[in-house]
Amino acid sequence: MVARRGGSTLGCLIPLLILAVVIYFAIDIGTAYFRYYQFKDAMRQEARFSYERTDPQITTRLSALADSLELPAGAELITIIRSPSSVSISSDYDEVIRLPLKKERVLHFHPSGDSGP
């Protein structure tokens, strides 16, 4: 006969439950950062090829991307600064993340792209 320990299976369920809750709330934060990096990458690309497009064309393309990524209001307000040797593109927006117990966290993002050396 084999001796068994008297432990229950709840010992394994509690860490799994905690992990599931953390993942559930981390998804919103991860999604916000993923969209930020997509927008920032598009800005870098637009800055790199800015010699082919006018400022209104760049603004239109990036505003459309902000809309398709469902970024908060303010992200579509694009600033373009041209100098003889480079082009700098930037934007500012705040994203509100809902946390447990009806708390909110505001994340401030400042994506930018530069064509300079």
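User: Is Asp-55 buried, partly exposed or exposed?
Analyst: Asp-55 is partly exposed, with a relative accessible area of 29%; buried means under 20% relative accessible area, exposed over 50%, and partly exposed in between, using a 1.4 Å probe and protein chains only. This is a predicted model, in which local features need pLDDT of at least 70 and side-chain atom pairs count only at pLDDT 80 or more, while totals for chains, interfaces and linings use all residues. Residues are numbered from 1 along each chain as its sequence is written, and side-chain values use heavy atoms, with hydrogens and water left out.

User: Which residue forms a salt bridge with Asp-55?
Analyst: Arg-82 does, and the closest N and O atoms are 2.6 Å apart; a salt bridge here is a side-chain nitrogen of Lys or Arg within 4 Å of a carboxyl oxygen of Asp or Glu. The pair links distant parts of the chain, with Arg-82 in strand S1 (residues 79–82) and Asp-55 in helix H2, 27 residues apart. Helices (H or I, at least four residues) and strands (E, at least two) are DSSP runs, numbered from the N terminus. Arg-82 is partly exposed, at a relative accessible area of 39%.

User: How many salt bridges does a search of the whole structure find?
Analyst: The search finds five. One of them joins Glu-46 and Arg-61, with the closest N and O atoms 2.7 Å apart. That pair also links distant parts of the chain, since Glu-46 sits in helix H1 (residues 10–48) and Arg-61 in helix H2 (residues 55–68), 15 residues apart. Glu-46 is buried, with a relative accessible area of 6%, whereas Arg-61 is partly exposed at 42%.

User: What are Glu-46 and Arg-61 linked in?
Analyst: Glu-46, Arg-53 and Arg-61 are linked in a network of salt bridges. Elsewhere, Arg-98 forms a salt bridge with Glu-104, the closest N and O atoms being 2.6 Å apart, and both of these residues are exposed.

User: Switching to the loop between H1 and H2, is Ser-50 buried or exposed?
Analyst: Ser-50, which is placed in that loop, counts as buried at 4% relative accessibility. A polar atom of the Ser-50 side chain lies 3.0 Å from the backbone oxygen of Ala-47. Leaving aside residues up to four places away in sequence, Ser-50 touches Ile-58, Arg-82 and Val-87, where contact means heavy atoms within 4.5 Å.

User: And Ser-88, where does that lie and what does it touch?
Analyst: Ser-88 lies in strand S2 (residues 87–90) and is partly exposed, with a relative accessible area of 29%. Not counting residues up to four places away in sequence, Ser-88 touches Thr-79, Ile-80, Ile-81, Gly-113 and Asp-114. Ser-88 and Tyr-33 are 55 residues apart in sequence and 21 Å apart in space, C-alpha to C-alpha.

User: In what sense do strands S3 and S4 pair?
Analyst: Strand S3 (residues 93–99) and strand S4 (residues 103–109) pair in the antiparallel sense over seven bridges; two strands count as paired if DSSP finds at least two bridges between them. Val-96 stands opposite Val-106 in S4. The hairpin of S3 and S4 has three residues between the strands, and Leu-101 takes a positive phi near 60 degrees there.

User: Back to helix H1, is Leu-19 buried, partly exposed or exposed?
Analyst: Leu-19, in helix H1, counts as partly exposed at 46% relative accessibility.

Terms used:
Polar contact = N/O pair within 3.5 Å; in protein donor to acceptor, adjacent residues only side chain to side chain.
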